[in-house]
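Visitor: I am new to reading protein structures. Could you take me through some features, one at a time?

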Amino acid sequence: MSAAFRAPKGTFDLLPPESELWLHVREVMAAPLRRAGYGYVETPVFEETALFERGVGESTDVVTKEMYSFVTRGDDHVTLRPEGTAGVVRATVQHRLHAGQLPVKLWYAGSFFRYERPQAGRYRHFSQVGAEALGVDDPALDAEIVSLAVHAYADLGLRQVQLMLNSLGDAVCRPVYREQLQAFLRALDLDEETRRRVEINPLRVLDDKRPEVQAQVSGAPVVGEFLCDACRDHYDAVRRHLGDLGVQWVEAPRLVRGLDYYTRTTFEFTHDGLGAQSAVGGGGRYDGLSEDVGGPPMPGVGWALGVDRTVLAMRAEGVRWAAASRCDVFAVPLGDEAKSRLLVLVDDLRRQGVAADLAFGDRGLKGAMKAADRSGARLALVVGDRDLEAGAAQLKDLVTGDQVQVPLDAIVTTIKERLT
RNA sequence: GUGGGUGUAGCUCAGCAGGUAGAGCACCGGGUUGUGGUCCCGGGUGUCGCGGGUUCAAGUCCCGUCACUCACCCCA
């Protein structure tokens, strides 16, 4: 209770056995990506601050008040990554991956950081799995990447994830919409902070959850009505492909996202069981991002799925998942001589692919057997002085309770047979 | 940054007219010095978040503070 140190605010320690679920979620999210030709990429956990300022956008809340930024001993201005796309785009440009075959398909998993007030499903340190497809603006690629996320959620056993879909237009049509929206919003009765947002980032106002704001905003123009022909064609194609893929979605004409780089296709995966934070994942197309951060023209589309929130969603749905048994054989030594022998035997078993553990710490037989039981092992191997003299071990099936004596030199093969 | 709720054992929580800190689960040991699960017995593992105040006496009442938590803002 009065521990000297605690995990910092907004962070948490992941401990066994629960931590297995996080590994499981990451694996299941990554599996469809790997099958679809996405390559694993790791980029630094921190980047130059300017990358995020220019990539994510100076007007976003993420950049203005949520970044973990600091100056290093060498006077470098760096920031713990608040999201993954900017870093991946930076790496793609730096290493000229787009000079090769397109699209460049990449996936990643890791930690991200935002200095926010924590609440259910929102942490200062959080975990995401992300995917990006760069260098091609084919609407079929938008559809592919969305469907890969849909598969990931389905493979995890989630049934209540909803896909919200919208198109935000591009550099041609969005400014027109933005002006119209601002004109509408300026006429409303809003608090000072929201008025400021109207000038800086008007699309975000549509996302305000406060009822008094929602009521006023309900008649606002929607971006869909302002799409230029190219954006409309692109969006129509995305929806057609998604339909072909059997993906279900909800049209969300007022869906906007908190990062400035999104263009055209924009989507969010939502779930009702998380409290106030309903988004379990999200993404979209970002055709201008590369140029924003000083790179060549390079369209892209991607998403990030929140690992922590996905776990919350699984709990909310009561999804059951089978944790792999941690132990097949549990060895119980009686005496020092037996312990020396079993330590080596357990090592042998492990090298041959058998999950094995040993009762450490001079526990009594009863306690050691209890530990064997708790380990989940199917077999217990009991060896004492009596057995050593006989050159044998007692092999007990912990499910049936049957016990047989096995010669020590046959023990590994016998165990391997019994476990198959 | 703003607002609400909660702080007692590892976990979930009880203790509320102010009077020697409790239960269940978990954990450890024993019953059975060579055998687990069920059963029985034993063991409390604690700065009652912290500081101050009222009182003969504070887990309990008052003030402050910190932490956690939920919600707004925002987002994964």
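Visitor: Is aspartate 357 buried, partly exposed or exposed, and why?
Guide: First, remember that this is a predicted model. Now take the share of a residue's area that stays accessible. Under 20% is buried, and over 50% is exposed. Aspartate 357 has 29% relative accessibility, so it counts as partly exposed.

Visitor: Which residue forms a salt bridge with aspartate 357?
Guide: Look for a side-chain nitrogen of Lys or Arg within 4 Å of a carboxyl oxygen of Asp or Glu. Here the partner is arginine 350, with the closest N and O atoms 3.7 Å apart. Arginine 350 is also partly exposed, at 41% relative accessible area.

Visitor: How many salt bridges does the structure hold?
Guide: It holds 18. Let us look at two others.

Visitor: Where do aspartate 61 and lysine 65 lie?
Guide: Both are in helix α3, which covers residues 61-65. They are four residues apart, about one turn of the helix. Aspartate 61 is partly exposed, with 26% relative accessibility. Lysine 65 is partly exposed too, at 49%.

Visitor: And what does the salt bridge of aspartate 397 and arginine 418 link?
Guide: Start with the contact. The two side chains meet at 3.6 Å, N to O. This pair links distant parts of the chain, 21 residues apart. Aspartate 397 sits in strand β15 (residues 392-397), and arginine 418 sits in helix α16 (residues 411-419). Now apply the cut-off for burial. Aspartate 397 has a relative accessible area of 15%, so it is buried. Arginine 418 is partly exposed, at 31%.

Visitor: Which residues do salt bridges with shared partners join into one network?
Guide: Asp61, Lys65 and Arg197 are joined that way.

Visitor: Let us turn to helices. At what angle do α6 and α7 pack?
Guide: Compare the directions of the two axes, each taken from N to C. Helix α6 (residues 174-186) and helix α7 (residues 192-200) pack at about 160 degrees. Their axes are 9 Å apart.

Visitor: Why are α6 and α7 called roughly antiparallel?
Guide: An angle over 145 degrees counts as roughly antiparallel. The angle of about 160 degrees therefore makes α6 and α7 roughly antiparallel to each other. The crossing in which α6 passes α7 is left-handed.

Visitor: Where is glutamate 179 found, and is it buried or exposed?
Guide: Glutamate 179 is in helix α6. Its relative accessible area is 59%, so it is exposed. Glutamate 179 and proline 202 are 23 residues apart in sequence, yet their C-alpha atoms are 8.9 Å apart.

Visitor: How far apart are alanine 237 and aspartate 142 in sequence and in space?
Guide: They are 95 residues apart in sequence. From C-alpha to C-alpha, the distance is 9.5 Å. Alanine 237 belongs to helix α10, residues 229-244. At 9% relative accessibility, alanine 237 counts as buried.

Visitor: Last topic: surface patches. Which residues make the nonpolar one?
Guide: Leu343, Val344 and Phe360 make a nonpolar surface patch of about 300 Å². Leucine 343 comes from helix α13, residues 336-351. Its relative accessible area is 47%, so leucine 343 is partly exposed.

Key: Residues numbered from 1 in each chain as written. Chains lettered and ligands numbered in written order. Predicted model: local features only at pLDDT ≥ 70, side-chain atom pairs only at ≥ 80, totals over all residues. Heavy atoms only, no water. Patch = residues over 30% accessible without salt bridge, like charges linked within 9 Å, V, L, I, M, F, W, Y side chains within 5 Å. Areas by Shrake-Rupley, 256 points an atom, 1.4 Å probe, with all protein chains shown as cover. Helix = DSSP H or I, 4+ residues; strand = E, 2+ residues; numbered from the N terminus. Buried < 20%, exposed > 50% of the residue type's maximum accessible area, 1.4 Å probe, protein only. Axes fitted to C-alpha atoms, helices over the stretch in contact; angles between N-to-C directions. Parallel < 35°, antiparallel > 145°, perpendicular 65-115°, else oblique. Left-handed = near helix turned anticlockwise from the far one by under 90°.
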